[in-house]
Amino acid sequence: MKHIVLINASPRKEWNTGTLIREAARGADSEGAEVKIFNLYRLEKFTGCISCFGCKLPENKGKCIYQDGLAPVLEEIRHADGLIIGTPNYLGDVTAVFRALYERLIFQYITYKKELMNYNDRKIPVLFIMTSNAPEEYYTPEGYGTMVSGYQNTLSNFIGSTKVMICSDTLQVNDYDKYDWTMFDPDAKKARHQIVFPQEKQKAFHLGAEMVKNPWQTME
């Protein structure tokens, strides 16, 4: 049985990012995979890389040795057959907890050796999901697309072939009037959420299923 690890890097467990992560989990489960979801904001206290270089020592090479709330997550990923990570776009980037995980996940595999660039010899397919209040046209190479490509390329190089799913122009809150956000059209936001978000959920479901049934890493 394949083991798929899913990570919600949003502080809101039940909102857009969390919903898409659960849909992807349902998709993987429908193909017989064992799934495990981590909500990063619900974990015990953790930090990004502390630059101890323990992962570079001969006895640990390729393994982060720092013990905190992220340790069990990194261990699950180490033995997973697929990884799905979702984050909202915060200030043009990923969330702080995503970045902490990303640092710990990637840095442990960097060798600083010319003859061997990556300690990770077990590549797995990765799905990177980003939800965003910004519309789709912001995700061009001149805009947020550069940021997304950076994460995609690094994940592909060190973890495994990475697909990207962008869910744009999302509904941030149910009651826009409460916050007096005059730059939005609340009715348009809600209408789009009712029509488009179910399609995004379906897409996440299918990608989760595809990761198990026809993993893209093996297709390269």
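Contact here means heavy atoms within 4.5 Å. A few notes on the structure follow.

1. **Ground rules.** This is a predicted model, where local features need pLDDT of at least 70, side-chain atom pairs count only at pLDDT 80 or more, and totals for chains, interfaces and linings use all residues. Residues are numbered from 1 along each chain as its sequence is written, and side-chain values use heavy atoms, with hydrogens and water left out.

2. **Helix α5, length.** Helices and strands are DSSP runs numbered from the N terminus (helices H or I, at least four residues; strands E, at least two). Helix α5 covers residues 186-213, 28 residues in all, and its end C-alpha atoms sit 39 Å apart. That agrees with the 40 Å it should span at 1.5 Å a residue (the expected span is 1.5 Å times one less than the number of residues).

3. **Helix α5, bend.** Look at Q194: α5 bends there by about 35 degrees, the bend being the angle between axes fitted to the seven residues ending at a residue and the seven starting there. A proline, P198, follows within four residues.

4. **Helix α5, packing.** Several α5 residues are buried, including V196, F197, E200, A204 and L207. Buried means under 20% relative accessible area, exposed over 50%, and partly exposed in between (1.4 Å probe, protein chains only). The buried residues of α5 pack against β1 (3-8), α1 (16-30), β3 (82-88), β4 (126-131) and β5 (162-167).

5. **N16.** This residue belongs to helix α1 and counts as buried because its relative accessibility is 5%. Neighbours within four places in sequence aside, N16 touches T131, T170, L171, H193 and F197.

6. **Two positive phi values.** Worth a glance: Y112 is not a glycine, yet its phi is positive, near 60 degrees. Y112 lies in the loop between α3 (96-107) and β4, and it counts as exposed because its relative accessibility is 60%. D180, also not a glycine, has a positive phi of about 55 degrees. D180 is in the loop between β5 and α5 and is exposed, with a relative accessible area of 60%.

7. **Surface patch.** Y41, Y90 and L91 make a nonpolar surface patch of about 370 Å². Y41 is in the loop between β2 (34-39) and α2 (71-78), and at 33% relative accessibility Y41 counts as partly exposed. Patches take residues with over 30% relative accessible area and no salt bridge, joining like charges within 9 Å and nonpolar side chains (Val, Leu, Ile, Met, Phe, Trp, Tyr) within 5 Å. A salt bridge is a side-chain nitrogen of Lys or Arg within 4 Å of a carboxyl oxygen of Asp or Glu. Accessible areas come from the Shrake-Rupley method with a 1.4 Å probe; for residues, only the protein chains shown count as cover.
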